[in-house]
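Hello,

Here is the structure we talked about. Please open it first, then read my notes below.

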Amino acid sequence: MRILALHLAHFMDYARVRGIAWQDMQALVQLPPAHFTDGLATVEEAEVYAVLKLIDDQLTDKAWGIQCGQFISMKLLGLIYKISLQATTIQEALHYLQSYLHAAMPLVKAETAVTAEAVTINFSIDNRETKLNRIILEYALAVVARELRLMAGEGATIQLSSPCYEENYPVLWHLGETYSVVFEPVILKAALQNKSHLHVDVLVPEYLRMIGQLKPDDSFAGKVKLTLLSMSDPQLPDIQTVSGALHLTPRTLQRRLGAEGITFRELLEEIKKQLCSFLLRHDRYTVAGISDILGYAEPASFIHSFRKWFGDSPERVRKGLRDQ
């Protein structure tokens, strides 16, 4: 059975920011590195399990599959967004996504059961790799839950279950007999929420471009920046979310960044400055709108940051860009 190489690359990207050498993982796969981002390239099932075993042996975090699912959500969001554009309801979108999953990762089986009270999607893998299957299935559930919330809105009631549940699992997770996601039937028939207010159409391609520009970087600051971009949905995550993904406390994350002469806030500011420069070129966004997209509670705070970044007002900088 062959699996889309892009999915294995997602696991390897996450393992890299957790300190595992890319070369060690790549040595277990015959596919040349340049082909990993090819949307059609595939790898053998045995190669996937070999890489996952290497990662699992080196990480002390049993729930790293969940963190990986959250980490790569931005990369998948580019795909999810394209799929959702073809759908008018969440039911349609889920149908397309399950069809994609069947083609891209055929070892994972998804079965949907609908009652008056709940919609349940059970995920399973029919082989004896129980320990590593936990990683794959919890990863898949984490991704599905993130995308359901994006499609249905933050108010949607979603529950995730795993037979391997432990007390340190994130909110929404529970102990269950199967790997499953459960949500209200009303979500299934609901129309996809208007994503324009989330600016997904603009931010997703830009985040993906920024990720693509990141050169392989063994510095801790580089890994944190990659994690920030990858975990955006599309809002940038806070330090608690990023440190959790890296299996660190916020204090340890700040200390390790400090050893390289930078702070988490400075990394965040660097990304916001780059996004701001990009958004200024889009006439559809007012200065207040850009302030909101970048997460500023007050436009005055954004103006203060903007002047620090560019040395002038947003209006004059925008005019200068138009005149170029």
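Start with helix 15, residues 299-310. This is a predicted model, so I checked the helix length. Helix 15 has twelve residues, and at 1.5 Å a residue these should span 16 Å. The end C-alpha atoms are 16 Å apart, which agrees.

Which residues of helix 15 are buried? They are Phe 302, Ser 305, Phe 306 and Trp 309. Seen down the helix axis, these buried residues fall within an arc of 105°, so they line one face of helix 15. An α-helix has 3.6 residues a turn, so residues three or four places apart point the same way. Now turn the helix around. Ala 300, His 304 and Lys 308 lie on the other side of helix 15, and they are exposed. Just after helix 15 comes Gly 311, with a positive phi of about 75°.

Next, look at Gln 70. It sits in helix 4, residues 64-71. Is Gln 70 buried or exposed? Its relative accessibility is 18%, so Gln 70 counts as buried; the cut-off is under 20%. Leaving out residues up to four places away in sequence, Gln 70 touches Ala 142, Arg 146, Ser 230 and Met 231.

Last, the whole protein. It has 16 helices and seven strands. Of its 324 residues, 50% count as buried. Take the contacts with a separation of 6 or more: residues 24 or more positions apart account for 66% of them. The protein exposes about 15900 Å², and carbon and sulfur atoms supply 53% of that area.

Best wishes

Notes:
Residues are numbered from 1 along each chain as its sequence is written. This is a predicted model: local features need pLDDT of at least 70, side-chain atom pairs count only at pLDDT 80 or more; totals for chains, interfaces and linings use all residues. Side-chain values use heavy atoms; hydrogens and water are left out. Helices (H or I, at least four residues) and strands (E, at least two) are DSSP runs, numbered from the N terminus. Buried means under 20% relative accessible area, exposed over 50%, partly exposed in between (1.4 Å probe, protein chains only). Contact means heavy atoms within 4.5 Å. Accessible areas come from the Shrake-Rupley method with a 1.4 Å probe; for residues, only the protein chains shown count as cover. The expected span of a helix is 1.5 Å times one less than its number of residues. The arc is that of the directions from the helix axis to the C-beta atoms.
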